[in-house]
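Me: I've got a model open and want to talk through a few spots in it. Can you help me go over them one by one?

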Amino acid sequence: MGERVVATEFTGADRTRFRERLRAGFEVFRRMLAEDRFERGRTLMGVELELDLVDPFGRPVMVNQDVLSRIASRDFQTELGQFNLEVNIAPHKLVGTVFSELAEELRTSMAYADRQARAAGARILMIGILPTLDEAHMVVENFSAEDRYFLLNDEIAQVRGEDFLVEIDGVERLRTTFASIMPEACNTSVQFHLQVSPETFAPAWNAAQALAGVQVALGANSPFLFGRELWAETRIPLFEQATDFRVEELAAQGVRPRVWFGERWISSPLDLFEENLRYFTALLPVSSDEDPEKVLAEGGIPHLPELRLHNGTVYRWNRPVYDVARGKPHLRVENRVLPAGPTVVDVLANAAFFYGCVKALMEDPDPVWAHLSFEDAARNLHNAARHGLAAQLEWRRDEHEGSLPVRELVLTELLPAARRGLDALGIDPRDRDEFLGIIEGRCETGRNGSTWLSGRFHRLVGEEGLDRAAALERLTIEYADLMITGAPAHTWKVG
């Protein structure tokens, strides 16, 4: 949800000043690219994981401040709702046994956080959308107690000028409205970061865009929202709608949505930052004291706070990131399409597949985006979100024309590509085989977190005779118990 913000309201002068400083920062960014000022030669990855807090009955509990005070670690932060947390894993070199190392770090962090949460009457859950959330939880009183969330809500709501509509037609149908962006807090995700050099940014981003639908089909884990069964990965349409500032007329005029897949393959990181300036007004126009032109002229490294803040309020599924670490500026692709969970090894399997595929696809002399239209890539995302592992996706290659089952695509083309990519990165073969084996297991069994949640829910209702509310509570607790075992979700039994 962006940088920390200290303000209570914004004036017209604030917006004008911010726009001017944003444009100045963009020109400095352009100059830094032209003068090759960026760090290169370091292939780093990072992980951000969002979590839910539930009570002993699997219902959301609004205690994130209490839990954070007990955890007392800067690695854990608030998210939009008081039932949300986020844990950030420090960047790692993408080499060797990094995935097993990260798995151990995450297991240790999660176990510690869960112990602290239990002391506050809660437990930690990794899931895309908590099944027990209902519309009564979607009130501003349940925002986390930080100004930036209230400010962001006020700005988006003011631009929209009417209630937010959430309308999703899936296995069942949902149509409802809300006065705030609180439904966005229902989405708990995992973000993968990949540091790249300026010249490899465009192929890395294009590869991530081409993969987005496949990732969602494989990793779907969010079939329920407000008591209804909707899409395999309901997070995708919910996120697009929950913060949509456009009323019908603005959408009809072609105004771009804040949650955005994009509209074209790119040739430079400038393409994305320039689109952000051209199409999106500032939501949080907080100006800094930095003079980026002066800093650069004096041999320093500008942090470009306005550029970064504005970029953080455009919610691309694959977001470009400018940052400064160890006194050096760098570029990252932030992959944002996947839900959290179901287990630590599932999260790291998703990571291994993503990084391996991106590496292979971006270095392919005949890249997939030369054959796949951008419109088809966008449609793939929504087809995958709706149908999960049963989706048919477009993937135009010499050997594949038109759509084909996602499981076939992964088994025949993308898993071999991921293996090649991980080998090229220098990933230990045991790590490669362990985590890609989980992806292979999902394809062979047709099971992932979403299929287990849906299948188990229907067993609880149909065979055990539970009513819907009781079934969703039981489902959530069973899921939480299985999450702790660490066994990948494709091995979980429905019966």
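Me: Where does Arg326 lie?
Reply: This is a predicted model. In it, Arg326 lies in the loop between strand S12 (318-325) and S13.

Me: What's phi for Arg326?
Reply: Phi of Arg326 is near 55°, a positive value in a residue other than glycine. Most residues other than glycine have a negative phi.

Me: And what about phi of Phe226?
Reply: Phe226 has a positive phi too, near 50°, and again the residue is not glycine. Its place is in the loop between strand S8 (224-225) and strand S9 (228-229).

Me: Is Phe226 buried or exposed?
Reply: Phe226 counts as buried, because its relative accessibility is 8% and the cut-off for buried is under 20%.

Me: OK, backbone again. Is the peptide bond from Gly341 to Pro342 cis or trans?
Reply: The bond from Gly341 to Pro342 is cis, and its omega is near 0°. Most peptide bonds are trans. As for where to look, Pro342 sits in the loop between strand S13 (328-339) and helix H11 (344-362).

Me: Since we're at S13, where's His330?
Reply: His330 is in strand S13. With a relative accessible area of 4%, His330 is buried.

Me: Switching to charges. How many salt bridges?
Reply: The count comes to 41 salt bridges. One of them pairs the side chains of Arg15 and Glu155, at 2.7 Å from N to O.

Me: Which parts of the chain does that pair link?
Reply: Distant ones: Arg15 is in helix H1 (residues 12-34) and Glu155 is in helix H4, 140 residues apart.

Me: Are those two buried or exposed?
Reply: Arg15 is partly exposed, with a relative accessible area of 28%. Glu155 counts as buried, at 8% relative accessibility.

Me: What about Glu275, which side chain does it meet in a salt bridge?
Reply: Glu275 meets Arg316, with 2.9 Å from N to O. Glu275 lies in helix H8 (residues 269-279) and Arg316 in strand S11 (residues 315-316), so the pair ties together parts that are 41 residues apart in sequence.

Me: How buried are Glu275 and Arg316?
Reply: Glu275 is buried, at a relative accessible area of 2%. Arg316 is buried as well, at 1%.

Me: And Glu463 with Arg459, what's the N to O distance?
Reply: The salt bridge between Glu463 and Arg459 has an N to O distance of 3.4 Å. Glu463 counts as exposed, at 60% relative accessibility, whereas Arg459 is partly exposed at 32%.

Me: Last topic, the surface. Which residues form the negative patch?
Reply: A negative surface patch is formed by Glu162, Asp163, Glu248 and Glu249.

Me: Where do I find Glu162?
Reply: Look in the loop between helix H4 (147-160) and strand S5 (164-169).

Definitions and conventions. Residues are numbered from 1 along each chain as its sequence is written. This is a predicted model: local features need pLDDT of at least 70, side-chain atom pairs count only at pLDDT 80 or more; totals for chains, interfaces and linings use all residues. Side-chain values use heavy atoms; hydrogens and water are left out. Patches are made of residues with over 30% relative accessible area and no salt bridge: like charges are joined within 9 Å, nonpolar side chains (Val, Leu, Ile, Met, Phe, Trp, Tyr) within 5 Å. Accessible areas come from the Shrake-Rupley method with a 1.4 Å probe; for residues, only the protein chains shown count as cover. A salt bridge is a side-chain nitrogen of Lys or Arg within 4 Å of a carboxyl oxygen of Asp or Glu. Lys and Arg count as positive and Asp and Glu as negative; His and the chain ends are not counted. The place of a charge is taken as NZ of Lys, CZ of Arg, CG of Asp or CD of Glu. Helices (H or I, at least four residues) and strands (E, at least two) are DSSP runs, numbered from the N terminus. Buried means under 20% relative accessible area, exposed over 50%, partly exposed in between (1.4 Å probe, protein chains only).
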